[in-house]
Amino acid sequence: MDERILKYFQNSLAPNERLLLLREIEKNEELKKQFAEYQNIQALLNLSSHTEDKKEGKTSYQHFQKRIKSKKMRIWLVKTMKYAAAILILMISAYQLSIWQMSHKLQDDFQVQTNTLYVPAGQRACISLQDGTVVWLNAQSTLTYPSHFYGKERTVSIIGEAFFEVAKDKNRPFIVAAQDAKIQVLGTKFNVYSYPDSKQIRTSLIEGAVQVFYKSKQVILRPNEESIAQDGKLTVSNIKNPDMLLWRNGIYSFNNERLADIVNKLELYYDVTINIANPKLKDINYTCKFRQRDGIEKILHTIQKIHHFKIEIDKENNVITLK
């Protein structure tokens with residue numbers, strides 16, 4: 001792994017050093033591959049149903065960094081940086097215009113370099129983007145994002161559920177595309193629930209302010225408010241169940257929700273088909289919390305204790321029937 005890539009993501013490279021690295025990446029396929037793969041490393045380290053929280057994921061990432069940094073590489077870096085600094089000064093003075101033109105060309109090229117991170121059922125992941133924005137992804141969710149943010153906007157797209165802690169940048173708004181909706185912010189914390197089968201896009205704001213665009217409508221959310229975009233309508237209300245955002249900590253929370261709605265979410269989270277054979281069961285409301293790592297069978301058996309029903313499991317076809 002090239003030491004400069006590590007320092008790039010640690011924000012310890014000077015602007016000119018960053019530019020030189022980008023120029024070399026554009027010409028070197030191996031460096032380009034390393035750069036793209038490294039951006040996903042901390043997400044992959046967090047990709048575990050047994051990860052307790054974000055702090056543990058960051059600790060694992062720090063341990064990884066220590067392992068890949070060798071003493072020999074650090075010595076080499078100190079020696080070469082002295083020469084690099086002098087070279088950079090000359091380059092800036094003599095070729096300022098050409099570097100400016102090159103940087104804009106690189107910006108255009110990198111805009112089309114996109115990465116995709118998919119989180120399997122029963123798991124969750126956390127990734128830090130190039131601008132410092134932190135994104136948590138729930139089970140069966142996909143985040144599409146550029147290796148670098150260039151231009152006047154920082155744009156990503158989400159399918160599924162994600163929690164964003166957006167790095168502030170007053171000159172470049174952060175935009176999340178979620179199906180037919182678009183969420184625009186400068187720096188804030190919010191959750192987006194946008195599984196295609198749910199037929200709704202729910203944006204829940206924790207901190208700051210966001211502007212939600214849906215078809216020809218738009219609203220501005222304040223902390224503890226959420227919007228629901230569905231069937232051409234965009235409505236705003238207070239967040240009904242703040243604990244629903246505990247999924248980042250591996251906890252699924254349901255507050256006075258119909259069994260039919262709970263089952264729909266469990267199907268998404270665990271990639272299983274759940275049939276409710278008795279229609280009367282669908283409208284029974286439950287308030288409960290579960291750990292993600294408990295697994296679908298344990299969760300259903302716990303719900304069963306509240307209001308008795310029979311559970312039939314067809315493992316071969318991955319189908320569960322409640323009757």
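Predicted model: local features only at pLDDT ≥ 70, side-chain atom pairs only at ≥ 80, totals over all residues.

Confidence is highest in β8, at 96, and lowest in helix α6, residues 71–94, where the mean is 48. There are two stretches I'd flag. Over residues 48–54 pLDDT stays under 50, and the model has 21 contacts there beyond four places in sequence. Residues 85–95 also stay under 50, with eight such contacts.

Now the overall picture. We've got ten helices and 18 strands, and buried residues make up 45% of the 323 residues. The accessible surface comes to about 17100 Å², with 51% of that belonging to carbon and sulfur atoms.

Let's go inside. Nonpolar side chains tend to be buried together in soluble globular proteins. Here, the largest nonpolar core has 35 residues, and the ones touching the most other members are Leu 266, Ile 274 and Leu 322. Among the elements giving two or more residues to this core are β3, β14, β16 and α10. Which element gives the most? That's α8, with seven residues. If you zoom in on Leu 266, you'll find it touching Phe 254, Asp 271, Val 272, Ile 274, Ile 296, Ile 299 and Leu 300, leaving out residues up to four places away in sequence. There's also a second, separate core of 32 residues, including Val 166, Phe 174, Val 192 and Tyr 214.

Next stop, strand β1, residues 114–119. In a regular strand the side chains alternate between the two faces of the sheet. Six bridges join β1 to strand β4, residues 141–146, and the two run antiparallel. As for Thr 116, its bridge partner in β4 is Thr 144.

Ser 194 sits in it, within the run 189–194. Buried or exposed? Ser 194 has a relative accessible area of 0%, so it counts as buried. Its side chain makes a polar contact of 2.8 Å with the side chain of Gln 179. Setting aside sequence neighbours within four places, Ser 194 is also in contact with residues including Ile 158, Gly 160, Ala 178 and Ile 201.

Last one: Pro 173, in the loop between β5 and β6. Why does Pro 173 count as buried? The cut-off is under 20% relative accessible area, and Pro 173 comes in at 15%, so it's buried. Beyond four places in sequence, Pro 173 touches Lys 152, Glu 153, Arg 154, Gln 184, Val 185 and Leu 186. Look at Gln 184 in that list: it's eleven residues along the chain from Pro 173, with their C-alpha atoms separated by 6.5 Å.

How values were computed: Residues numbered from 1 in each chain as written. Heavy atoms only, no water. Helix = DSSP H or I, 4+ residues; strand = E, 2+ residues; numbered from the N terminus. Buried < 20%, exposed > 50% of the residue type's maximum accessible area, 1.4 Å probe, protein only. Polar contact = N/O pair within 3.5 Å; in protein donor to acceptor, adjacent residues only side chain to side chain. Contact = heavy atoms within 4.5 Å. pLDDT = per-residue confidence, 0-100. Pairing = 2+ DSSP bridges. Core = buried A, V, L, I, M, F, W, Y, C linked by side-chain atoms within 4.5 Å. Areas by Shrake-Rupley, 256 points an atom, 1.4 Å probe, with all protein chains shown as cover.
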